[in-house]
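Subject: Handover of a structure and the findings from it

Dear colleague,

I am handing over the structure below, together with an account of what was found in it. Please read the account with the model open beside you.

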Amino acid sequence: MEKGPFSVEWLAQSSLGGAREMPGAPDVSPLQPPPSVSAESPRQREAAGSRSPGHEAGRARTKFSAAQLQELERSFRQQRYIGAGEKRRLAAVLNLSQSQIKTWFQNRRMKFKRQTQDAR
């Protein structure tokens with residue numbers, strides 16, 4: 001009986017690392033990952049700053065001015081949840097987007113929650 005690809009004998013040899021090349025198969029070492037597979041873990045790629053193809057870089061962190069922070073904090077003291085009208089007003093007055101205002105309020109509520117839990 002011939003020891004062709006996928007025969008019992010061939011499979012036994014391949015599991016031991018002694019398999020012969022399959023006709024038409026690419027020359028790939030069993031101990032090395034294929035060239036299309038990265039040896040880095042996702043955490044290592046993230047730490048190195050590389051991004052997956054198709055992902056765009058996010059928005060740079062917004063550095064709020066002292067005047068913007070003062071107005072945002074004043075508004076937060078009055079009401080922790082911002083309404084649509086107040087969000088539009090603050091965005092216009094502070095020269096920020098409504099999305100930035102919404103995110104600032106979300107982050108500020110989380111900071112408030114942490115501060116009140118730590119005080120207990």
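At what angle do helix H3 and helix H4 pack, and how far apart are their axes? Before the answer, please note that this is a predicted model. Helix H3 covers residues 66-78 and helix H4 covers residues 84-94; they pack at an angle of about 165 degrees, and their axes are 11 Å apart. Because an angle over 145 degrees counts as roughly antiparallel, H3 is described as roughly antiparallel to H4. The crossing of these two helices is right-handed.

The contact between the two helices can be followed residue by residue. On the H3 side it involves Gln68, Glu71, Leu72, Arg74 and Ser75, and these meet Glu86, Arg89, Leu90 and Leu94 of H4. Sorted by class, the contact has three nonpolar, two polar and four charged residues.

Arg89 deserves a separate look within this contact. Arg89 belongs to helix H4 and has a relative accessible area of 32%, so it is partly exposed. Leaving aside residues up to four places away in sequence, Arg89 touches Glu71 and Arg74.

The next topic is the aromatic residues. A search of the whole structure gives four aromatic pairs. One of them is formed by Phe76 and Phe112: the ring centres are 6.2 Å apart and the planes stand at 70 degrees, so this pair is edge-to-face. The pair joins distant parts of the chain, with Phe76 in helix H3 and Phe112 in helix H5 (residues 98-118), 36 residues apart. Phe76 has a relative accessibility of 5% and therefore counts as buried, whereas Phe112, with a relative accessible area of 26%, is partly exposed.

Another of the pairs consists of Trp104 and Phe105. Their ring centres are 5.3 Å apart and their planes lie at 75 degrees, so this pair is also edge-to-face. Trp104 counts as buried because its relative accessibility is 9%, and Phe105, at 1%, counts as buried as well. Which residues make up the aromatic cluster? Phe76, Trp104, Phe105 and Phe112 form one cluster.

Arg109 is located in helix H5, and at 21% relative accessibility it counts as partly exposed. With residues up to four places away in sequence set aside, Arg109 touches Phe76, Arg80 and Tyr81. The C-alpha atoms of Arg109 and Arg80 are separated by 6.8 Å, although the two residues are 29 residues apart along the chain.

The last item concerns the backbone. Most residues other than glycine have a negative phi. Asn95, a residue other than glycine, has a positive phi, near 60 degrees. Is Asn95 buried or exposed? Asn95 lies in the loop between H4 and H5, and at 69% relative accessibility it counts as exposed.

Yours sincerely,
A colleague

Note on methods: Residues numbered from 1 in each chain as written. Predicted model: local features only at pLDDT ≥ 70, side-chain atom pairs only at ≥ 80, totals over all residues. Heavy atoms only, no water. Axes fitted to C-alpha atoms, helices over the stretch in contact; angles between N-to-C directions. Helix = DSSP H or I, 4+ residues; strand = E, 2+ residues; numbered from the N terminus. Parallel < 35°, antiparallel > 145°, perpendicular 65-115°, else oblique. Left-handed = near helix turned anticlockwise from the far one by under 90°. Contact = heavy atoms within 4.5 Å. Nonpolar A, V, L, I, M, F, W, Y, C, P; charged D, E, K, R; others polar. Phe/Tyr/Trp six-rings, centres within 6.5 Å; stacked < 30°, edge-to-face > 60°. Buried < 20%, exposed > 50% of the residue type's maximum accessible area, 1.4 Å probe, protein only.
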